[in-house]
Amino acid sequence: MILKAKQIKELIDIGSIDIDPFDEELQLQPSSIDLRISDRFYRFPKELEPELQILDPKNPYLNILEKDYISDKGIVVEPKRFFLVDCMEYISVPDNIAIFIQPKYRLTRLGLQLLNTGWMEHGFEGNITLCLYNTNEFPIRIFAGMSLIHIFLEKS
């Protein structure tokens with residue numbers, strides 16, 4: 001059963017679900033919660049890009065993503081580029097609740113695709129890291145604090 005806003009609010013109020021930071025008026029929707037991107041993102045170091053001709057799970061470069069920060073001017077995601085960005089909110093749900101991640105329509109209209117949509121395990125705890133890819137021909141600017149995804153909570 002997908003939880004409605006009233007049920008989500010009740011579970012937050014009793015401490016069964018923790019979302020921090022959380023602005024109920026801004027983020028709570030009729031049957032979902034909007035999540036915002038933090039100012040942290042990860043990418044392959046630019047100096048290694050000429051050497052990266054194939055990605056292989058055994059390739060040590062997969063372990064050296066560099067962390068950077070999104071400035072007040074945002075960050076430009078170039079066409080056909082991939083990077084990771086953390087959500088601002090820390091989330092904790094009990095073992096009987098699973099999280100479904102879905103991009104906001106505004107995101108997909110721009111051509112910015114979320115590659116890790118779908119279900120997260122019951123009892124998830126932590127910050128969600130999003131895998132973003134620009135499928136557009138044009139660069140896309142995003143900003144820290146933008147609402148890029150919403151999550152649905154399913155109680156089993």
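Ser-147 counts as buried, because its relative accessibility is 14%. Here, buried means under 20% relative accessible area, exposed over 50%, and partly exposed in between, with a 1.4 Å probe and protein chains only. The model is predicted: local features need pLDDT of at least 70, side-chain atom pairs count only at pLDDT 80 or more, and totals for chains, interfaces and linings use all residues. Residues are numbered from 1 along each chain as its sequence is written, and side-chain values use heavy atoms, with hydrogens and water left out.

**Around Ser-147**

Ser-147 belongs to strand β11, which covers residues 147-155. Strands (E, at least two residues) and helices (H or I, at least four) are DSSP runs, numbered from the N terminus. Leaving aside residues up to four places away in sequence, Ser-147 touches Asp-34, Leu-35, Arg-36, Lys-104 and Arg-106. A contact means heavy atoms within 4.5 Å.

Strand β2 spans residues 33-43. Eight of its eleven residues are buried, so β2 is largely enclosed by the rest of the structure. Two strands pair if DSSP finds at least two bridges between them. The table lists pairings of β2.

| Partner of β2 | Sense | Bridges |
|---|---|---|
| β11 | antiparallel | four bridges |
| β5 (residues 82-92) | antiparallel | three bridges |
| β3 (residues 66-69) | antiparallel | four bridges |

Individual residues show these pairings. Asp-34 has His-150 of β11 as its bridge partner. Asp-34 is also among the residues that Ser-147 touches. Ile-37 is bridged to Cys-87 in β5. Phe-41 stands opposite Asp-68 in β3.

**The nonpolar core**

The largest nonpolar core holds 37 residues. Such a core is a set of buried Ala, Val, Leu, Ile, Met, Phe, Trp, Tyr and Cys residues joined through side-chain atoms within 4.5 Å. Ile-128, Ile-142, Ile-151 and Leu-153 have the most contacts inside it. Leu-153 touches residues from several stretches of the sequence, among them Met-1, Ile-17, Ile-33, Val-93 and Ile-99.

**The whole chain**

The chain has three helices and eleven strands. Along the sequence they follow the pattern α-β-α-β-β-β-β-β-α-β-β-β-β-β. Of its 156 residues, 42% count as buried. Among contacts between residues at least 6 apart in sequence, 74% join residues at least 24 apart. The chain exposes about 8,900 Å², and carbon and sulfur atoms supply 53% of that area. Accessible areas come from the Shrake-Rupley method with a 1.4 Å probe; for residues, only the protein chains shown count as cover.
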